[in-house]
Amino acid sequence: MDDALLEFLRSVDTPTVCNAIETVQGKRGFAAFTRATVIAADPDAKPIVGFACTGKIASKFPSPETPDSVRERRLGYYRHMAGSPKPAVAVIEDIDYPECLGAFWGEVNATVHKGLGLAGAITNGLIRDLGSLPDDFPILAGSVGPSRAFVHVTGFGMPVELFGMPVKQGDLIHADRHGAIVIPPDAVSGLGVAVRTVLEAEKVVLETARKPDFDIDMLVDVWTRFEDTRNG
């Protein structure tokens with residue numbers, strides 16, 4: 001994964017990358033994606049691309065541990081985030097989902113993560129402080145709420161699951177307002193070419209469908225070429 005490919009992936013949306021992975025694999029059925037509607041703090045933000053830096057939180061009930069233990073785990077979590085390979089994406093599972101109560105992500109915590117070098121965050125938990133979040137730090141969340149309630153870190157660096165998508169520490173993530181995917185390692189080398197193939201194939205159909213004389217015969221012709229090109 002080089003810088004040029006990372007930058008290129010930031011220029012295309014997640015559905016395009018999802019299609020491109022299937023082009024690389026030569027078949028339909030890629031399944032490492034979220035399976036629920038997400039809330040984008042900034043729907044117009046560029047996609048989040050980076051390596052997963054995982055953690056788990058709870059928000060519905062107070063931690064049974066001492067305040068000192070809760071604080072030390074929180075600081076350990078921040079050290080974990082700061083030390084992860086960049087670009088890194090915080091991928092945080094609220095273990096109370098779908099009954100999450102408190103927002104881990106707000107103006108302060110988002111600003112801290114951005115300052116530690118994170119490229120964005122994905123969570124099945126809550127987000128708050130909409131309108132006050134830092135620029136250029138996209139966040140996808142499960143819901144919006146006003147309170148932090150009892151939110152606390154329960155662990156970090158372990159496998160997590162968000163919206164039906166399993167994620168391991170270090171997985172390559174692509175995410176935008178449509179949701180998130182985990183890019184398989186064996187798809188990376190061919191991904192740039194595959195994205196361009198998908199875009200070119202779609203362009204042929206779109207340009208044809210927008211013609212004033214477009215009809216079913218033209219569709220039959222262009223769709224056959226579209227399927228052949230897209231599926232390689």
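How many salt bridges does the count come to? The count comes to 9 salt bridges, a salt bridge being a side-chain nitrogen of Lys or Arg within 4 Å of a carboxyl oxygen of Asp or Glu. The model is predicted, so local features need pLDDT of at least 70 and side-chain atom pairs count only at pLDDT 80 or more, while totals for chains, interfaces and linings use all residues. Residues are numbered from 1 along each chain as its sequence is written, and side-chain values use heavy atoms, with hydrogens and water left out.

**Salt bridges**

Side chains of opposite charge can pair when their charged atoms come close.

| Pair | N to O distance |
|---|---|
| Asp-44 and Arg-177 | 4.0 Å |
| Arg-71 and Asp-68 | 2.8 Å |
| Asp-221 and Arg-225 | 3.1 Å |

Asp-44 and Arg-177 are 133 residues apart and link distant parts of the chain. Asp-44 lies in the loop between β1 (39-40) and β2 (48-58), and Arg-177 in the loop between β12 (172-176) and β13 (179-183). Helices (H or I, at least four residues) and strands (E, at least two) are DSSP runs, numbered from the N terminus.

Arg-71 and Asp-68 both lie in helix α3, 3 residues apart, about one turn of the helix. Asp-221 and Arg-225 are separated by about one helical turn because they are 4 residues apart in helix α6 (residues 216-231).

Asp-44 is exposed because its relative accessible area is 70%; buried means under 20%, exposed over 50%, and partly exposed in between (1.4 Å probe, protein chains only). Arg-71 is partly exposed at 45%, Asp-221 is partly exposed at 45%, and Arg-225 is partly exposed at 43%.

**Pockets**

A pocket is an open set of points on a 1 Å grid over the protein atoms alone, where a 1.4 Å probe fits, with protein on both sides within 12 Å along at least five of seven lines; lining residues have an atom within 4 Å of a point. A volume is the space filled by probe spheres set on the points.

The largest pocket has a volume of about 370 Å³. Its lining has 20 residues, and Arg-74, Ala-103, Phe-104, Arg-148 and Val-151 lie nearest the centre. Elements giving two or more residues to this lining are α3 (67-83), β4 (103-105), α4 (107-115) and β9 (152-156).

The second largest pocket holds about 290 Å³ of space. It is lined by 18 residues, with Asp-42, Pro-134, Asp-136, Phe-137 and Pro-138 closest to its centre.
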